[in-house]
Amino acid sequence: MPRFGFIHDKLDIKFLILYIMARVAAPIDLPTLTDLTLCDEGVDYFDFAECLSDLVRTEHLTLSADGLYAITDKGMKNSQICESSLPLSVRQRSDRNIAAYNKAALRRAQVQS
């Protein structure tokens, strides 16, 4: 099945996940990370799930007992090195989605305070 997005393989998906995780304001749950990652037509859910598992296994991300994903120092370093490998249009779309998520998360945190 042909893919029409700019993300073409699992390595691209891993770069995208790390790019997102390096920019979210706080650890996030699986549904939120899924929504933020599936921003490109080339990202398949099953490939995403496999890549996410790989990133946790290789200690680029952590998964807490309460189901929240966070980036590690290793993941942050590799994200910075590889971020230019993502197409500009994917980074821009991700940045818009992340900004909206961070704004909503900040609003929720202020309401709880």
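This is a predicted model: local features need pLDDT of at least 70, side-chain atom pairs count only at pLDDT 80 or more; totals for chains, interfaces and linings use all residues.
**Entry 1: H1 against H3.** I looked up how helix H1 (residues 10-21) sits on helix H3 (residues 45-57). They pack at an angle of about 65°, and their axes are 9 Å apart. I noted a right-handed crossing of H1 past H3. On the H1 side I listed Lys 10, Ile 13, Lys 14, Ile 17 and Leu 18. They meet H3 residues including Phe 48, Cys 51, Leu 52 and Leu 55. By class I have 7 nonpolar, no polar and 5 charged residues in the contact of H1 with H3.

**Entry 2: H1 against H5.** Next I took helix H5 (residues 88-112). Its axis and that of H1 come within 10 Å and cross at roughly 35°. This crossing of H1 and H5 is right-handed. H1 gives Leu 16, Tyr 19 and Ile 20; H5 gives Val 90, Arg 91, Ser 94, Asp 95 and Ile 98. The contact of H1 with H5 has 5 nonpolar, 1 polar and 2 charged residues.

**Entry 3: rings.** I found 2 aromatic pairs in the structure. Tyr 45 and Phe 46 are edge-to-face, 5.6 Å centre to centre with 80° between the planes. Tyr 45 is partly exposed at 37% relative accessible area, and Phe 46 is exposed at 64%. Tyr 45 also pairs with Phe 48, tilted, at 6.0 Å centre to centre and 50° between the planes. Those two lie 3 residues apart in H3, so about one helical turn separates Tyr 45 from Phe 48. Phe 48 is buried, at 0%. I marked Tyr 45, Phe 46 and Phe 48 as a cluster linked by ring pairs.

**Entry 4: a charge over a ring.** I checked Tyr 19 again. Arg 23 lies over the face of Tyr 19, 3.6 Å from the ring centre.

Definitions and conventions
Residues are numbered from 1 along each chain as its sequence is written. Side-chain values use heavy atoms; hydrogens and water are left out. Axes are lines fitted to C-alpha atoms, for helices over the stretch in contact, and angles run from 0 to 180 degrees between N-to-C directions. Helices (H or I, at least four residues) and strands (E, at least two) are DSSP runs, numbered from the N terminus. A crossing is left-handed if the near helix is turned anticlockwise from the far one by less than a right angle, and right-handed if clockwise. Contact means heavy atoms within 4.5 Å. Ala, Val, Leu, Ile, Met, Phe, Trp, Tyr, Cys and Pro count as nonpolar, Asp, Glu, Lys and Arg as charged, and the others, Gly among them, as polar. Rings of Phe, Tyr and Trp (its six-membered ring) pair if their centres lie within 6.5 Å; planes under 30 degrees apart count as stacked, over 60 as edge-to-face and the rest as tilted. Buried means under 20% relative accessible area, exposed over 50%, partly exposed in between (1.4 Å probe, protein chains only). A charge sits over a ring if NZ of Lys or CZ of Arg is within 6 Å of the ring centre and within 35 degrees of the ring normal.
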